[in-house]
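Subject: Structure handover

Hello,

Here is the structure I promised to pass on. Please open it next to this note, and then read on for what turned up.

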Amino acid sequence: MTLARRIPWVLAGAALAHVAAVQMLPRFIVYVVRHRLERAVGVNHILHSPLPDSTWHTIVMPSPDLLYSVCAYNVSDRPLLVTADVPQGYWSVSAFADNTDNFFVQNDRTASHGRVRVVFSSQPGFKDPDRGVVVQVPSSTGIILFRQLVLDRNELARAQQIQNGATCAPL
Amino acid sequence: MPRARNLLTSTGLVVLSVVLGLGSAALSIRIVSRRGAIRIGPWATSTTVGSREAGMYERAAVAIHALFVLNRAETIYYRAHVDDSGRELDARCDYQIRGRPLDSRWWSITAYGSDEFLIANAQDRYSFNMANLAREPDGSFFIRASSRPQPGNWLPLGGKGHVSFTLRLYVPSAEIAAHLERATLPSIAGECR
């Protein structure tokens, strides 16, 4: 086959590599983050981080005003229970599918009674025996991220106390 | 011999395919991450970032440059990689960021290095937010972003390489969440030495 005849095959191969790379990249990067978390604290366990500074390289583009806690979830076998005390200022718990989509978020104003109880499940129609919010996950693995605003550094110890009260564990 | 040459050519063309495919993918993702669907002066954002409606290029851009961003009902992220005149933001330059308070529950402006992480500086100053900004008498604000010490609201830039600014609007007003293009955002005037 002449070189000219091979050009369409080269272009087709390039298009295939292009689409495959773009499609696979989000899942690959989430997989890497999950893998790191699993090595650090295990799956379905929460990791509480200090306020981000220039040495903080856990997740790109961190906000230096937020305390982050993160949990790599896997609900293939059992649902996951997330609980947290809700502070006065801005606070949220959000969930991300293995393709980076943000499929759930609840903040301090949408949460009720000062405490959050959310069950993440892959089973359609699952009911929480303790009447918490039940979220059906779009992917059985992903990431749950807590954000807590700390505007006054003098309040950091109190904020970290609240942060440490958040849990992420199989139901 | 011709057979060996044929095999070598085929291998070379396969490698060329992969390089072209990966290179064009990287370029496309970079363009999508920088341009955004909505532009206001030097700032760019998207209505679908972080959501299930995001396209494949936007998801890939999020994975590399802004992993785990929230959807726009919760937070809007405006990013600037250029100044008002369209020049790439550079840590060797000085920038004046001028604006008025933004219509959201909480907002902040953060500087990032080319690696998308916070820029090391002796002051441990990485951002300004609605609570810690010194305001002008008329309520507006003025941030000086520079690698050299500056009076007032000084946002250190570190001194080398490309930098970017991210404006976060946590729980934006319903008006802004519905019309991201209508927000009145700060200007970024650059001066390079």
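Start at one residue pair: B:Trp43 stands opposite B:Ala80, which belongs to strand S3 of chain B. Keep in mind throughout that this is a predicted model.

The pair sits where two strands meet. Strand S2 of chain B (residues 43-45) runs antiparallel to S3(B), and two bridges join them. S3(B) also pairs with S9(B), again in the antiparallel sense, this time over six bridges. There, B:Tyr77 has B:Arg168 of S9(B) as its bridge partner.

How many residues of S3(B) are buried? The strand covers residues 75-80, and six of its six residues are buried. Look at both faces. In a regular strand, side chains alternate between the two faces of the sheet. On one side of S3(B) are B:Thr75, B:Tyr77 and B:Arg79; on the other are B:Ile76, B:Tyr78 and B:Ala80. Both sides are covered.

Now step back to the sheet. It is open, has six strands in the order S1-S2-S3-S9-S5-S6 of chain B, and pairs antiparallel. Its edge strands are S1 (38-40) and S6 of chain B, each of which pairs on one side only. From one strand to the next, the twist averages 20 degrees. At the S6 end, S5(B) and S6(B) share three bridges in the antiparallel sense. B:Ile109 is partnered there by B:Phe128 of S6(B).

Chain A has an open sheet too. Four strands make it up, in the order S7-S6-S3-S9, and the pairing is mixed. S7 (133-136) and S9 (167-170) of chain A are the edge strands, pairing on one side only. Here the twist from one strand to the next averages 20 degrees. S6(A), residues 115-121, runs parallel to S7(A), with four bridges between them. One bridge pair to look for is A:Phe120 with A:Val135 of S7(A).

Next, the first helix of chain A. H1(A) spans residues 3-40. Its 38 residues should span 56 Å at 1.5 Å a residue, and the end C-alpha atoms are 51 Å apart, which agrees. The helix is not straight throughout: H1(A) bends by about 40 degrees at A:Leu25, and a proline, A:Pro26, follows within four residues. Just after the helix, A:Gly42 takes a positive phi of about 95 degrees.

Which residues of H1(A) are buried? Among them are A:Ala14, A:Ala17, A:His18, A:Ala21, A:Leu25, A:Pro26 and A:Ile29. Their cover comes from both chains. It includes strands S1 (46-48), S2 (66-74) and S8 (141-149) of chain A, along with H1 and H2 of chain B.

H2(B) returns the contact. Its buried residues are B:Glu58, B:Arg59, B:Ala60, B:Ala61, B:Val62 and B:Ala63. They pack against H1 of chain A together with H1 of chain B.

That leads to the interface as a whole. Here, 50 residues of chain B are in contact with 41 residues of chain A. On the chain B side, H1 (2-35), H2 (56-65), S5 (104-112), S6 (127-129) and S9 (164-172) each supply at least two residues. H1(B) gives the most, with twelve residues. By class, this side of chain B has 30 nonpolar, 13 polar and seven charged residues.

Over to you.

Best wishes

Note on methods. Residues are numbered from 1 along each chain as its sequence is written. Chains are lettered from A and ligands numbered from 1 in the order in which they are written. This is a predicted model: local features need pLDDT of at least 70, side-chain atom pairs count only at pLDDT 80 or more; totals for chains, interfaces and linings use all residues. Two residues are in contact if their C-beta atoms, placed from the backbone, lie within 7 Å. Ala, Val, Leu, Ile, Met, Phe, Trp, Tyr, Cys and Pro count as nonpolar, Asp, Glu, Lys and Arg as charged, and the others, Gly among them, as polar. A residue is buried if 20 or more other C-beta atoms lie within 10 Å of its own, exposed if 12 or fewer, and partly exposed in between; C-beta atoms are placed from the backbone. Two strands pair if DSSP finds at least two bridges between them. The expected span of a helix is 1.5 Å times one less than its number of residues. The bend at a residue is the angle between axes fitted to the seven residues ending there and the seven starting there. Axes are lines fitted to C-alpha atoms, for helices over the stretch in contact, and angles run from 0 to 180 degrees between N-to-C directions.
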